[in-house]
Amino acid sequence: MIGVIGGSGLYEIPGFSIIDKIKIETPYGDPSDVFIMGSIGERKVVFLSRHGQHHDIPPHRVNYRANVWGFRTLGVKRIIAVNAVGGINDRYRPGDIVLPDQIIDFTKTRAQSFYDGPRVVHIDFTEPYCKEMREAFLSIDEQIINGGTYVCTEGPRLETAGEIRFYKSIGADMVGMTQMPEAALAREATLCYLCIAVITNYAAGISRTKLTTTEVVETMKKSTERVKQLLSSAIDLIPSERHCICKDSLKDAEL
Ligand code: HPA
């Protein structure tokens, strides 16, 4: 089963039929929302809105552990996350879609792991995103930008121009607030994880104007149709068996 984490409206993917809505309780508390179960063609798909259906959970307050745990409980093996990001790389334009291949984590206050002791686990995170899913998505749309480094900030404030200059100098291509610890928790849970990043704005200091959430939401809205199309065609191409390293993440990882 495939999980999709995103904003509202994604259940309107062409061909997606809703079968059920399930509330899950987890040892880590409540997930952001109910899980919407459905299917695309032959594939079972589960959707979760990261910020809740009323968009009332800010990035630093999302219960990332409960969300990932909920997907796992439902039998999800792969998660596709849709993220709005600010563009740092000079080549990016608002509306571009990037599949990042690296992450730099600048979050500060979030629960980072399912393993807070007595079990001590250090997963390998050299390649944070599932190679097999990245290949499936890249094969259907040549316009998708292949690779890039996502720097994850704590938020909820946007960055200073100085911070963006620094992030650029250390190799970041885009900035957002929600990939961490989500991606790492998925790996700890032995799930495959992919990020579809939509460039919604130029990052602070690159943009000549003040950054606004209206700009982010408007660009995201304009890109929704493309993201939906991408999801519905790519999901078909993901092999049913997993051949990637994600499923074996706990092998040789525990002390
Ligand atoms: N910074 C951080 N997060 C974001 C941005 C940004 O510029 N745009 C969309 N999410």
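Me: What makes Lys221 and Glu218 a salt bridge?
Reply: This is a predicted model. The side chains of Lys221 and Glu218 come to 3.8 Å, N to O. The cut-off for a salt bridge is 4 Å between a side-chain nitrogen of Lys or Arg and a carboxyl oxygen of Asp or Glu, so the pair qualifies. Both residues lie in helix H5, three residues apart, about one turn of the helix.

Me: Why is Lys221 called exposed, and why is Glu218 called partly exposed?
Reply: Lys221 has a relative accessible area of 56%, and exposed means over 50%. Glu218 has 37% relative accessibility, which falls between the 20% and 50% limits and therefore counts as partly exposed.

Me: How do you know that Glu154 and Arg110 form a salt bridge, and what does the pair tie together?
Reply: Their closest N and O atoms are 3.2 Å apart, which is within the 4 Å cut-off. Glu154 lies in the loop between strand S9 and H3, and Arg110 in the loop between S7 and helix H2, so the pair ties together parts that are 44 residues apart in sequence.

Me: Are Glu154 and Arg110 buried or exposed?
Reply: Glu154 has a relative accessible area of 9% and Arg110 has 8% relative accessibility. Buried means under 20%, so Glu154 is buried, and Arg110 is also buried.

Me: Why does Arg242 have no salt bridge?
Reply: The nearest side chain of opposite charge, Glu132, is 6.9 Å away, whereas a salt bridge requires 4 Å or less. Arg242 is therefore buried yet without a salt bridge.

Me: Which backbone oxygens does the side chain of Arg242 reach?
Reply: The side chain of Arg242 reaches the backbone oxygen of Lys77 at 3.2 Å. A polar atom of that side chain also lies 3.0 Å from the backbone oxygen of Thr190. Both distances are within the 3.5 Å limit for a polar contact. Arg242 lies in the segment after H5, and the residues it touches include Arg78, Leu191 and Cys192.

Me: What makes the aromatic pair of Tyr28 and Trp69 edge-to-face?
Reply: A search of the whole structure finds eight aromatic pairs. In the pair of Tyr28 and Trp69, the ring centres are 5.2 Å apart, with 65° between the planes. Tyr28 and Trp69 form one aromatic cluster with Phe114.

Me: What makes Phe106 and Phe166 an edge-to-face pair?
Reply: The centre-to-centre distance for Phe106 and Phe166 is 5.9 Å, with 80° between the planes. The distance is within 6.5 Å and the angle is over 60 degrees. Phe106 lies in strand S7 and Phe166 in helix H3, 60 residues apart.

Definitions and conventions: Residues numbered from 1 in each chain as written. Predicted model: local features only at pLDDT ≥ 70, side-chain atom pairs only at ≥ 80, totals over all residues. Heavy atoms only, no water. Helix = DSSP H or I, 4+ residues; strand = E, 2+ residues; numbered from the N terminus. Buried < 20%, exposed > 50% of the residue type's maximum accessible area, 1.4 Å probe, protein only. Lys, Arg positive; Asp, Glu negative; His and termini not counted. Polar contact = N/O pair within 3.5 Å; in protein donor to acceptor, adjacent residues only side chain to side chain. Contact = heavy atoms within 4.5 Å. Phe/Tyr/Trp six-rings, centres within 6.5 Å; stacked < 30°, edge-to-face > 60°. Lists of a residue's contacts leave out its neighbours within four places in sequence.
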